[in-house]
Amino acid sequence: MNIYLVAAAAASFLTFAIHTWVGGPVIAKPLVESDMHRVPKYTNYACWHIVTIMLFAMGGAFLWAAYFSDAIELAWFAFLLSSATLVWFAVLILWKRLSLVEFPQWALFVTIDILAFMGLV
């Protein structure tokens, strides 16, 4: 068993929980209740749920690879997905001059990436 991949799975599932039960009421609910045109509104809402699915699947991939070493490609895939998401947050924060405190999602993905990387090397 790869303890670092188990930890990356736990971090992914924790991020999933924060995204779902903290972010949902703060971000998704106001989005759906907004006066935004229905196409961009529900496209964004669909993307919200795609991220929810992605976070849960990443946790599952890390956990599976932690217990079955011949499935290490799943962990690499989840790591690359998390890393790409982290890079996008970094670009968005720098490009739009956003506050690291107002957009703390990057910290969750940094944690996932560090733990996953330690389990992969």
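Which residues lie nearest the centre of the largest pocket? Select H19, I27, W48, F89 and Q105 to find out: these lie nearest its centre. Keep in mind that this is a predicted model.

**Stop 1: the pocket**

Now widen the selection. The lining of the largest pocket has 24 residues. The space in this pocket is about 750 Å³. Colour the lining by residue class.

**Stop 2: the helices around it**

Next, show the helices. Pick α1 (3-33), α2 (38-67), α3 (72-95) and α4 (105-120). Each supplies at least two residues of the pocket lining. Stay on α1 for a moment. With 9 residues, α1 gives the most to that lining.

**Stop 3: the aromatic rings**

Across the whole structure, a search finds 8 aromatic pairs. One of them joins F16 and W21. Turn the view until both rings are clear. The pair is edge-to-face, with 85 degrees between the planes and 5.9 Å from centre to centre.

Compare the surroundings of the two partners. F16 counts as buried because its relative accessibility is 17%, under the 20% cut-off. W21 has a relative accessible area of 61%, which is over 50% and therefore exposed.

Together with F16 and W21, they form one aromatic cluster.

**Stop 4: a charge over a ring**

Finish at W95 and K96. The charged end of K96 sits over the ring of W95. Check the distance to the ring centre: 4.1 Å.

How values were computed
Residues are numbered from 1 along each chain as its sequence is written. This is a predicted model: local features need pLDDT of at least 70, side-chain atom pairs count only at pLDDT 80 or more; totals for chains, interfaces and linings use all residues. Side-chain values use heavy atoms; hydrogens and water are left out. Rings of Phe, Tyr and Trp (its six-membered ring) pair if their centres lie within 6.5 Å; planes under 30 degrees apart count as stacked, over 60 as edge-to-face and the rest as tilted. Buried means under 20% relative accessible area, exposed over 50%, partly exposed in between (1.4 Å probe, protein chains only). A charge sits over a ring if NZ of Lys or CZ of Arg is within 6 Å of the ring centre and within 35 degrees of the ring normal. On a 1 Å grid over the protein atoms alone, a cavity is a set of points where a 1.4 Å probe fits but cannot get out, and a pocket is an open set with protein on both sides within 12 Å along at least five of seven lines; lining residues have an atom within 4 Å of a point. Grid points are joined across faces, edges and corners, and a volume is the space filled by probe spheres set on the points. Helices (H or I, at least four residues) and strands (E, at least two) are DSSP runs, numbered from the N terminus.
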